[in-house]
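Here is my note for your review. Please have the model open as you read.

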Amino acid sequence: MEGEDEEMCVEEGNRDILRKLGLRNTIQTNFGDDYVFQIASSQEIPAMAVSLSTNIIKLYSPESGQYLGDCKGHSNTIHEISFSVPSSPYILHSCSSDGTIRAWDTRIFKQVSLLRGASSQEIFSFSFEQSSGNLLAAGCNSQILFWDWRNSKALACLEDSHVDDVTQVKFVPEHKNRLISASVDGLLCIFDTEGDINDENQLDSVMNVGTSIAKVGLFGDRSRKLWCLTHIETLSVWDWEDSRKDVDFQDARTLASDSWNLGHVDYFVDCHYHGADDKLWVIGGTNDGTLGYFPVNYKNPKTICSPDAVLEGGHSAVVRTILPSSAVHMGSAGSFGSIFGWTGGEDGRLCCWLSDESAQINPSWISNSLVMKSSTNQKRHRHHPYH
């Protein structure tokens with residue numbers, strides 16, 4: 001079986017990608033101990049948003065790295081940012097431990113709306129139900145809150161499904177009114193949010209991961225599959241419609257570490273899926289900033305293969321976020337053809353990666369002129385429950 005696993009991995013690995021990836025440039029977003037949490041973008045506008053541990057969101061050009069401006073207003077850790085509403089591509093949403101969800105007009109860098117949870121609540125995640133156009137869900141401590149975001153009206157609160165902080169909420173694409181929540185209590189809950197929302201009628205099913213859940217994502221045909229990363233760096237794949245666990249890699253870091261020669265994989269950042277090839281990758285990293293895109297075989301034989309891509313030499317610390325070029329506005333010049341994506345990390349850097357040999361004639365650079373010195377000196381640690 002071991003030989004069969006190795007053969008499958010070799011067949012699926014793309015060595016051209018691994019050989020050609022290179023660093024285009026880096027941007028130092030801040031100074032001192034502050035760092036990058038998340039990068040988000042819209043395919044409709046030429047800007048990417050970057051949340052920092054200074055509780056500020058900065059906007060950059062994804063093509064040139066030029067600093068465009070910043071959005072200030074949050075008073076505590078920013079947990080999620082997203083260009084969430086297709087009808088308003090310039091509007092960026094963010095949620096924070098300050099108990100608010102804020103909307104920002106990225107053309108003028110101003111806050112345009114604010115939703116607030118109950119006193120002392122932290123908001124860890126949010127999601128918009130795209131088919132209805134008005135329902136917004138958010139994970140607030142152990143509760144799930146719902147608003148009509150068009151008029152900021154609070155609609156409902158689910159408080160019996162989880163007993164610990166809700167780290168993720170996601171409406172399921174192509175499944176109207178279906179919401180998935182994930183929590184530190186180790187549970188994945190599936191809700192039908194049609195009609196009056198309450199604890200008694202909305203909960204469809206529960207799946208027990210068995211440990212604190214960090215991040216989930218939907219993929220596959222009609223978004224039927226779900227990948228799940230935990231705070232102890234395990235990976236599992238589920239069929240949420242059947243409440244079935246397809247695979248559980250308790251030793252995910254060991255499998256990834258054994259598949260390359262660049263040291264121990266210390267953590268996982270994210271998973272990415274390519275629909276045309278029906279291929280899932282888990283992205284793992286080392287504490288000194290090297291990343292690998294490790295293919296995940298969640299069907300037989302079930303294993304994690306040697307990386308299809310390695311991103312090395314850009315970061316000097318833990319990498320927190322990855323933005324693939326497929327999520328970025330391409331622009332009229334078509335200059336994104338060679339860009340693989342952007343990464344951000346605890347060294348405060350944004351790194352742009354190329355997928356062809358042009359990286360060899362584009363040396364890396366760091367621009368301190370694009371940023372302002374932080375007025376605070378906050379120490380953060382990767383293994384905080386959510387940041």
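1. Basis. This is a predicted model: local features need pLDDT of at least 70, side-chain atom pairs count only at pLDDT 80 or more, and totals for chains, interfaces and linings use all residues. Residues are numbered from 1 along each chain as its sequence is written, and side-chain values use heavy atoms, leaving out hydrogens and water.

2. Whole chain. The chain has 3 helices and 29 strands (DSSP runs: H or I of at least four residues, E of at least two, numbered from the N terminus). Of its 387 residues, 56% are buried (under 20% relative accessible area; exposed is over 50%, partly exposed in between; 1.4 Å probe, protein chains only).

3. Hairpin. β2 (residues 36–41) and β3 (residues 48–52) run antiparallel, joined by 5 bridges (strands pair if DSSP finds at least two bridges between them). They form a hairpin with 6 residues between them. Valine 36 faces leucine 52 in β3. In β2, 5 of 6 residues are buried.

4. Aromatic pairs. The count is 8 (Phe, Tyr and Trp rings, the six-membered one for Trp, with centres within 6.5 Å; planes under 30 degrees apart are stacked, over 60 edge-to-face, the rest tilted). Phenylalanine 128 and tryptophan 149 are edge-to-face, because their planes stand at 85°, with centres 5.8 Å apart. Phenylalanine 128 sits in strand β10, and tryptophan 149 in the loop between β12 and β13. Phenylalanine 128 is buried at 8%; tryptophan 149 is partly exposed at 25%.
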